[in-house]
Amino acid sequence: MKNLEIETIKKILEEFVKDTGEQLELILIGGLALQLYGLEDRATIDIDAEVEKGDLFKLFHFLKEKGIPADLSENIAGWSVVSMPEGYRERAKIILQDTNLVIKILDPYDFVIAKLRRGTQEDFEDALFVAKRFNLNPEKILEYGELAIKNSIKDTALLNFKNRLDIFVKKLKEEKKS
């Protein structure tokens, strides 16, 4: 499978809105978002996104016809037992706005929480890159984590998330000192 680059995806999404005449508004997450946060050599083979406006299934099939795997949802907060912090959509940053196409990325704090929700080693490293790149405040990351926990259903998975969050903040503080 070929690695995707953000410029290629922008053109494909522009083609989608032109071909369908529909509006599309989405929040990119995952590897493509990392490219927009400045990690230009981040390889990814798929599109991970929350579709805020537009036909999610039509977009999925369009991308599939182009040979591009996609993980799309109308609510990324549902991708984990741990929810997203309230207001993440309103804090998302517009990176491209055209007549029928709006592409956003999560606010860096929300992105860190999104990555720590899943919690793989790659997610941890991605979150660390963004936190350092944008000089995120470790205490504010903890606050966002608490907001995510508050919005979540009660589940023991929250204990694992809280543990990952604490380890992450400790690591970030150590790296800021050095």
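How many helices and strands are there in the protein chain? There are eight helices and five strands, where helices (H or I, at least four residues) and strands (E, at least two) are DSSP runs numbered from the N terminus. Keep in mind that this is a predicted model, where local features need pLDDT of at least 70, side-chain atom pairs count only at pLDDT 80 or more, and totals for chains, interfaces and linings use all residues. Residues are numbered from 1 along each chain as its sequence is written, and side-chain values use heavy atoms, with hydrogens and water left out.

**Confidence**

- The mean pLDDT of the protein chain is 92, pLDDT being the predictor's confidence in each residue, from 0 to 100.
- In the protein chain, 99% of the residues reach 70 or more.
- Among the elements, helix α2 (residues 31-37) has the lowest mean pLDDT, at 90, while strand β5 (residues 101-105) has the highest, at 97.

**Overall layout**

- Draw a box along the principal axes, and the C-alpha atoms fill roughly 50 × 35 × 30 Å.
- Of the contacts with a separation of 6 or more, 67% are between residues 24 or more positions apart (contact means heavy atoms within 4.5 Å).

**Inside and outside**

- Of the 178 residues, 47% count as buried (buried is under 20% relative accessible area, exposed over 50%, partly exposed in between, with a 1.4 Å probe and protein chains only).
- The accessible surface comes to about 9400 Å², and carbon and sulfur atoms make up 49% of that (Shrake-Rupley method with a 1.4 Å probe; for residues, only the protein chains shown count as cover).

**A covered helix**

- Helix α5 (residues 108-118) is mostly covered, with ten of its eleven residues buried.
- The buried residues of α5 include Tyr109, Phe111, Val112, Ile113 and Leu116, and also Asp110, Lys115 and Arg117.
- Take a look at what surrounds them: the buried residues of α5 pack against α2, α4 (88-91), α6, α7 and α8 (157-177).

- Asn135 sits in the loop between α6 (121-133) and α7 (138-150).
- Asn135 isn't a glycine, yet it has a positive phi of about 50 degrees.
- Asn135 is also exposed, with a relative accessible area of 57%.
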